[in-house]
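This report covers a predicted model.

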Amino acid sequence: MKLTPELLKKLVRASQKTLSEEIGCDDCFDQLHEFAELELSGKTPEKAMPLVQDHLNKCGECRQEYQALLDALRELNS
Amino acid sequence: MIVAMLNWFKRRKQTKKSYLSNEEWLELLASPADEKAVGELRKILVRGLKPALYKYVDRELDQFVEDTVQDSLVKILDKLDSFRGESRFTTWAMKVAVREGLSELRRKKWQDVSIDDLASAGIEDDDDSHPVQFAADNPGPDRTTHESMVLEKVMEIIENDLSDKQKMALNALMVEGISSTVVADQMGMKRNALYKLVHDARVKLKTKLASEGIDPDKLLEQLS
């Protein structure tokens with residue numbers, strides 16, 4: 001594993017943002033449908049479900065799935 | 001089940017939209033699942049998945065979506081019990097289908113990459129036997145002795161305090177940029193466990209930086 005300054009910055013930044021209490025991908029997925037409906041109804045899911053928001057900020061794949069879910073639901077609601 | 005179907009057709013006639021309540025979906029899809037309800041759900045999933053996945057699929061979007069929906073329906077019917085009614089049933093089902101489709105695409109994209117090979121290649125390229133080392137000229141000649149010592153310390157923390165699995169995961173995810181779905185598959189774990197592994201590494205790094213008196217903000221400045 002070669003450390004470049006860029007990678008080291010990423011690691012340090014990631015460690016700075018680390019919370020002792022974080023949820024994993026499973027817990028995020030379990031709540032994602034509820035989170036999505038709150039967002040689409042104009043509410044503030046990030047306040048109601050901050051741990052899900054935190055996970056989405058940190059996990060690129062869950063974030064990608066969430067964005068795709070929103071795209072799908074917007075189509076169904078159109 | 002008959003009442004649920006009648007209600008559905010009545011509403012469909014009135015609104016030209018197929019809409020079942022959550023209870024009706026669950027009733028109709030419970031084993032043995034009603035074929036019309038499965039067909040209706042299939043249509044809904046196909047309609048939603050196309051705009052959700054088109055930007056990730058190079059060709060044959062329709063076929064990919066059909067295949068994804070087929071696989072998703074099996075999963076959805078299998079885990080109906082886990083739907084607790086916090087949203088519309090179709091939102092929950094769409095969530096399952098979206099993950100199914102994106103996971104498949106990630107696996108296809110990275111199918112020729114082995115993180116074991118990447119790890120071995122890295123070791124062969126290195127003259128130094130230490131698995132963690134600073135690339136090229138860094139820390140650079142312009143750094144003060146103190147700055148270089150801090151960077152050395154951080155490298156030591158990463159080398160000595162993180163497990164081999166954590167380093168392998170960080171390398172695959174952060175250096176190689178490989179999908180975490182794929183990294184998890186190849187490390188024989190679920191994505192959730194991989195996230196936990198990396199979370200523990202982040203906690204370890206944060207704790208050790210603090211206990212060594214290293215200010216992360218100053219460290220970031222030095223690295224800029």
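Is B:G85 buried or exposed?

## A loop glycine in chain B

The count around B:G85 is 11 other C-beta atoms within 10 Å. A residue is classed as exposed when that count is 12 or fewer, so B:G85 is exposed.

B:G85 belongs to the loop between α4 and α5 (89-109) of chain B. Its separation from B:L26 is 59 residues in sequence, while in space the two are 10.0 Å apart, C-alpha to C-alpha.

## Packing of α3 and α4 in chain B

In chain B, helix α3 (residues 35-53) packs with helix α4 (residues 61-78) at an angle of about 130°, and their axes are 9 Å apart. The crossing in which α3(B) passes α4(B) is right-handed.

On the α3(B) side, the contact is made by B:V38, B:L41, B:R42, B:L45, B:V46, B:L49, B:K50 and B:L53. They meet B:L61, B:V65, B:E66, B:T68, B:V69, B:S72 and B:L73 of α4(B). By class, the residues of the contact of α3(B) with α4(B) are 10 nonpolar, 2 polar and 3 charged.

## The interface between chains A and B

Contacts between the chains involve 37 residues of chain A and 48 residues of chain B. On the side of chain A that touches chain B, two or more residues come from each of β1 (2-3), α1 (5-16), α2 (25-40) and α5 (60-77) of chain A. Helix α1(A) supplies the largest share of that side, 11 residues.

Sorted by residue class, the side of chain A that touches chain B has 18 nonpolar, 7 polar and 12 charged residues.

## Chain A as a whole

Chain A contains 5 helices and 1 strand. Their order along the sequence is β-α-α-α-α-α.

The C-alpha trace of chain A spans about 50 × 25 × 20 Å along its principal axes. The radius of gyration of chain A is 15 Å, whereas a compact globule of 78 residues would have one near 12 Å.

Of the 78 residues in chain A, 35% count as buried. Taking the contacts in chain A between residues at least 6 apart in sequence, 62% join residues at least 24 apart.

Key. Residues are numbered from 1 along each chain as its sequence is written. Chains are lettered from A and ligands numbered from 1 in the order in which they are written. This is a predicted model: local features need pLDDT of at least 70, side-chain atom pairs count only at pLDDT 80 or more; totals for chains, interfaces and linings use all residues. Two residues are in contact if their C-beta atoms, placed from the backbone, lie within 7 Å. Helices (H or I, at least four residues) and strands (E, at least two) are DSSP runs, numbered from the N terminus. Ala, Val, Leu, Ile, Met, Phe, Trp, Tyr, Cys and Pro count as nonpolar, Asp, Glu, Lys and Arg as charged, and the others, Gly among them, as polar. The radius of gyration is taken over C-alpha atoms; the globule rule is 2.2 Å times the number of residues to the power 0.38. A residue is buried if 20 or more other C-beta atoms lie within 10 Å of its own, exposed if 12 or fewer, and partly exposed in between; C-beta atoms are placed from the backbone. Axes are lines fitted to C-alpha atoms, for helices over the stretch in contact, and angles run from 0 to 180 degrees between N-to-C directions. A crossing is left-handed if the near helix is turned anticlockwise from the far one by less than a right angle, and right-handed if clockwise.
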